Amino acid sequence: IVRFLYLYVTTYTAYREKIFQYWTSTSMLVAFWCVPFLFGFIILIEHIRFQIPILPILGKASYHIFFFLLLYYQYYYKDILQFFAGQSVLLMALLSVLICTAAGVAFYFLLTPVERYLSRFCVQVVDKLRQRWPDE
């Protein structure tokens with residue numbers, strides 16, 4: 001209750017505190033309001049982890065999703081905003097999440113075989129070089 005009160009007072013009133021002058025809405029006192037939601041989400045994920053096979057795939061593809069997210073917001077987001085001009089912010093956020101997730105997972109599935117092939121190729125090249133020039 002104290003956290004919600006603190007957030008309300010610092011956001012919607014003229015009160016300005018001296019400890020957290022800059023980032024008052026993301027300070028330590030406010031950041032803990034999400035802890036009950038986080039624990040609830042963890043319990044929910046533990047319960048449905050075995051029922052939804054997509055979660056391990058999303059975990060393995062998380063780097064590729066993040067990489068595509070960087071590319072998306074650097075190069076494509078402005079074009080999509082113009083294309084869907086006048087739509088709600090929630091719709092744009094959902095669309096962005098879907099685009100980045102789908103493209104990141106596709107990027108993961110396309111790039112993983114290439115990475116494995118290149119890894120094996122590099123190991124073979126290093127082995128051949130070691131055979132040619134053994135350690136003295």
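I started at serine 96 and found its place in helix H6. Helices (H or I, at least four residues) and strands (E, at least two) are DSSP runs, numbered from the N terminus. The model is predicted, so to speak for local features I need pLDDT of at least 70, and for side-chain atom pairs pLDDT 80 or more, while totals for chains, interfaces and linings use all residues. Residues are numbered from 1 along each chain as its sequence is written, and side-chain values use heavy atoms, with hydrogens and water left out.

**Entry 1**

Is serine 96 buried or exposed? I read 3% relative accessibility, so serine 96 counts as buried. The cut-offs are under 20% relative accessible area for buried, over 50% for exposed, and partly exposed in between (1.4 Å probe, protein chains only).

I then listed what serine 96 touches. Setting aside residues up to four places away in sequence, I found Tyr72, Tyr73 and Tyr77. Contact here means heavy atoms within 4.5 Å.

Which side chain makes a polar contact with serine 96? I found tyrosine 72, at 3.0 Å. A polar contact is a pair of N or O atoms within 3.5 Å; within protein, one must be able to donate a hydrogen and the other to accept it, and residues adjacent in sequence count only if both atoms are side-chain atoms.

**Entry 2: tyrosine 72**

I placed tyrosine 72 in helix H5. Its relative accessibility is 1%, so tyrosine 72 counts as buried. Neighbours within four places in sequence aside, I noted contacts of tyrosine 72 with Tyr77, Ile80, Ser96, Ile99 and Cys100. I also checked tyrosine 72 against alanine 103: they are 31 residues apart in sequence, and their C-alpha atoms are 9.6 Å apart.

**Entry 3: the core**

Which residues make up the largest nonpolar core? I counted five: Phe68, Tyr72, Ile80, Met92 and Cys100. Such a core is a set of buried Ala, Val, Leu, Ile, Met, Phe, Trp, Tyr and Cys residues joined through side-chain atoms within 4.5 Å. H5 and H6 each supply at least two residues of this core. H5 gives the most, with three residues.

I followed up on cysteine 100. Leaving out neighbours within four places in sequence, cysteine 100 is in contact with Ile65, Phe68, Leu69 and Tyr72.

**Entry 4: histidine 64**

I found histidine 64 in helix H5. At 6% relative accessibility, histidine 64 counts as buried. Beyond residues up to four places away in sequence, it touches Gly104, Phe107, Tyr108, Leu111 and Glu115. I checked one of these pairs: histidine 64 and phenylalanine 107 are 43 residues apart in sequence, with C-alpha atoms 6.4 Å apart in space.

**Entry 5: the shape of H5**

I compared H5 (residues 62-83) with a straight helix. A straight helix of 22 residues would span 32 Å at 1.5 Å a residue, but H5 spans only 27 Å between its end C-alpha atoms. The expected span is 1.5 Å times one less than the number of residues.

Where does H5 bend? I found a bend of about 60 degrees at tyrosine 76. The bend at a residue is the angle between axes fitted to the seven residues ending there and the seven starting there.

In H5, I listed His64, Ile65, Phe68, Tyr72 and Ile80 as buried. They pack against helix H4 (54-60) and helix H6 (89-132).

**Entry 6: the shape of H6**

I ran the span check on H6. Its 44 residues should span 64 Å at 1.5 Å a residue; the end C-alpha atoms are 61 Å apart, which agrees. H6 bends by about 30 degrees at leucine 111, and proline 113 follows within four residues. I listed its buried residues as Met92, Ser96, Cys100, Gly104, Val105, Tyr108 and Thr112. H4 and H5 are among what covers them.

**Entry 7: the whole chain**

I finished with totals. The protein has six helices and zero strands. Of its 136 residues, 15% count as buried. Among contacts with a separation of 6 or more, 53% come from residues 24 or more positions apart.
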